[in-house]
Amino acid sequence: RPALLLLVAVFLVCLPRAELHDWIGTEGRRVQIASEMVATGDWMVPRLSGQRTFAKPPLHYWLVAASISLFGDGYFAARIPSIVALWLTALLAFGLHRRAFGVGAAWTASLGVVCAPLVVVKFATAEIDPLFACLVASSLWLLAFGVARERRDSMVFAGVVGGLAFLTKGPVYFVFAAGAFFVWW
């Protein structure tokens with residue numbers, strides 16, 4: 001039940017921006033690369049106007065391309081991966097806080113994630129940053145939870161999610177991971 005309520009909250013927060021019929025910033029570039037993956041069937045080498053581009057790792061492009069394949073080539077379809085990432089991050093916040101602090105804290109944490117001003121303004125896009133932010137936050141939360149509760153499974157999962165963050169934006173993930181390490185140390 002909390003998952004469904006959080007999905008509704010995420011949808012309500014993201015809908016105005018997700019429905020915009022224009023690309024913002026480098027969103028068009030990201031969508032074009034994903035669209036070319038779908039059109040050519042080559043999901044291994046990102047291309048923009050037929051030219052190989054290795055500026056960013058491929059995870060984000062794969063997710064946008066999969067969304068375009070499933071839901072069609074449109075503004076909303078290209079923005080679905082960021083919206084789903086936000087929902088999963090809010091679910092994780094709910095789960096981690098419920099275990100440690102109770103249901104009230106879980107709702108406060110998860111709705112705090114969903115209704116944060118930057119999330120409301122920027123997250124319903126086909127840009128790389130929303131997905132990266134969700135993966136980094138989730139990785140660090142899982143790591144902190146695992147260390148605090150001495151849960152190896154949570155620490156391993158933090159590493160897996162951190163790897164996905166690395167596949168989204170590259171080595172910049174280690175800047176965030178290093179900060180967490182120094183705080184813990």
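**View 1. Helices α1 and α4 meet in a right-handed crossing**. The model shown here and in the other views is predicted. The axes of α1 (residues 2-18) and α4 come within 9 Å of each other and cross at roughly 140°. The two helices are therefore oblique to each other. On the α1 side, the contact is made by P2, A3, L6, L7, V10, F11, C14, L15, R17 and A18. On the α4 side, Y75, F76, R79, I83, L86, W87, A90, L91 and F94 take part. Of the residues in the contact of α1 with α4, 17 are nonpolar, two are charged and no polar residue is present.

**View 2. Helices α4 and α7 pack with their axes 9 Å apart**. The angle between α4 and α7 is about 20°. With angles under 35 degrees counted as roughly parallel, α4 and α7 are therefore roughly parallel to each other. α4 passes α7 in a left-handed crossing. From α4, the residues S82, A85, L86, T89, L92, A93, L96, R99 and A100 reach the contact. Their partners in α7 are P130, L131, C134, S138, W141, L142, F145 and R149. The contact of α4 with α7 comprises 12 nonpolar, three polar and two charged residues.

**View 3. Helix α3 covers residues 59-71**. After α3 comes G72, which has a positive phi, near 95°.

**View 4. The buried residues of α3 pack against α2, α4, α7 and α8**. L59, H60, Y61, V64, A65, S67 and I68 are the buried residues of α3. An α-helix has 3.6 residues a turn, so residues three or four places apart point the same way. The helices packed against these buried residues span 27-40 for α2, 75-101 for α4, 128-149 for α7 and 152-169 for α8.

**View 5. T168 is a residue of helix α8**. T168 has a relative accessible area of 0%. Because buried means under 20% relative accessible area, T168 counts as buried. Leaving aside residues up to four places away in sequence, T168 touches K56, P57, L59, H60, I128, L131, F132 and L135. Among these neighbours of T168, L59 and H60 are also buried residues of α3, and L131 is one of the α7 residues that meet α4.

Notes: Residues are numbered from 1 along each chain as its sequence is written. This is a predicted model: local features need pLDDT of at least 70, side-chain atom pairs count only at pLDDT 80 or more; totals for chains, interfaces and linings use all residues. Side-chain values use heavy atoms; hydrogens and water are left out. Helices (H or I, at least four residues) and strands (E, at least two) are DSSP runs, numbered from the N terminus. The expected span of a helix is 1.5 Å times one less than its number of residues. Buried means under 20% relative accessible area, exposed over 50%, partly exposed in between (1.4 Å probe, protein chains only). Contact means heavy atoms within 4.5 Å. Axes are lines fitted to C-alpha atoms, for helices over the stretch in contact, and angles run from 0 to 180 degrees between N-to-C directions. Angles under 35 degrees count as roughly parallel, over 145 as roughly antiparallel, 65 to 115 as roughly perpendicular and the rest as oblique. A crossing is left-handed if the near helix is turned anticlockwise from the far one by less than a right angle, and right-handed if clockwise. Ala, Val, Leu, Ile, Met, Phe, Trp, Tyr, Cys and Pro count as nonpolar, Asp, Glu, Lys and Arg as charged, and the others, Gly among them, as polar.
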